[in-house]
Amino acid sequence: QVRRVDRIAALCRETGLSVAARSAGESASGHAVYILDTMGELKDFYAVADIAFIGGSLVALGGHNPLEAVAHEKPVVWGPHLFNFPDIERELVESGCGRRAATPKELKDVLDEWLGSPGERERIRGVSRALMARHAGSSRKLAGILLGQLCAGSGSHV
């Protein structure tokens, strides 16, 4: 959460990691950790990431929508609490473009594996593209179903 920025930055510094924060106007360049603590910009930052970790998922907050990262063709990993996206979570795991890490050690292992394997990240990019293509037009299909139900209930015809 944004209110924890100072504590997160302090933890980073305690472990020897250089850190910068978006809200302070600092650049990510030259820093090991960049805290994105501004609202509404997360999806834009996936484009420059190698891997996406879904914040809020290590604790019972639920996490963000992992499809934003997948749309940018990024490998995506989350903790045990992605409960607000169960169908998406299942599909990402089954397709191979996302993983659940139940513990901090599992998270480290997944990150080490993906960061150490450009070939695996490239494979995941292809899987992500295919997954998003399979779901292209979902909004149009849903709108058609809803309109059909509304019209059927009112006796109108579209």
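Buried residues make up what percentage of the 158 residues in the protein chain? And please look closely at Ser-57, which sits in the loop between β3 and α3, then show me how other residues compare.

Reply: The buried share is 28% of the 158 residues in the protein chain. Buried means under 20% relative accessible area, exposed means over 50%, and partly exposed lies in between (1.4 Å probe, protein chains only). The model is predicted: local features need pLDDT of at least 70, side-chain atom pairs count only at pLDDT 80 or more, and totals for chains, interfaces and linings use all residues. Residues are numbered from 1 along each chain as its sequence is written, and side-chain values use heavy atoms, with hydrogens and water left out.

Start with the setting. The protein chain has seven helices and five strands. Helices (H or I, at least four residues) and strands (E, at least two) are DSSP runs, numbered from the N terminus. Read from the N terminus, the order in the protein chain is α-β-β-α-β-α-β-α-β-α-α-α. Along the principal axes, the C-alpha atoms fill a box of roughly 65 × 35 × 30 Å. Contact means heavy atoms within 4.5 Å. Take the contacts between residues at least 6 apart in sequence: 38% of them join residues at least 24 apart.

Now to Ser-57. Strand β3 covers 52–54 and helix α3 covers 67–71, and Ser-57 is in the loop between them. Ser-57 is buried, because its relative accessible area is 0%. Which residues is Ser-57 in contact with, leaving aside its neighbours within four places in sequence? They are Gly-63, Trp-78, Gly-79, Pro-80 and His-81. Ala-101 is 44 residues from Ser-57 in sequence. In space, C-alpha to C-alpha, Ser-57 and Ala-101 are 9.5 Å apart.

Glu-73 counts as partly exposed, because its relative accessibility is 21%. The backbone of Glu-73 also deserves a look. Its phi is near 60°, a positive value in a residue other than glycine.

Glu-73 leads on to Glu-122. The two are 49 residues apart along the chain, yet 8.9 Å separates their C-alpha atoms. Glu-122 is found in helix α6, residues 118–134. At 41% relative accessibility, Glu-122 is partly exposed.

Stay in helix α6 for another residue. Ala-133 lies in that helix. Its relative accessibility is 54%, so Ala-133 counts as exposed. Glu-14 is 119 residues from Ala-133 in sequence. The C-alpha atoms of Ala-133 and Glu-14 are 43 Å apart.

Helix α4 covers residues 86–95, and Ile-88 lies in it. Beyond its neighbours within four places in sequence, Ile-88 is in contact with Asn-65, Pro-66 and Leu-67. Val-48 is 40 residues from Ile-88 along the chain. A separation of 23 Å lies between the C-alpha atoms of Ile-88 and Val-48.

Last, the aromatic rings. Rings of Phe, Tyr and Trp (its six-membered ring) pair if their centres lie within 6.5 Å; planes under 30 degrees apart count as stacked, over 60 as edge-to-face and the rest as tilted. By this rule the count is one aromatic pair. The pair is tilted, because the ring planes of Tyr-34 and Phe-45 are at 35°, with their centres 6.2 Å apart. Distant parts of the chain are linked by this pair.
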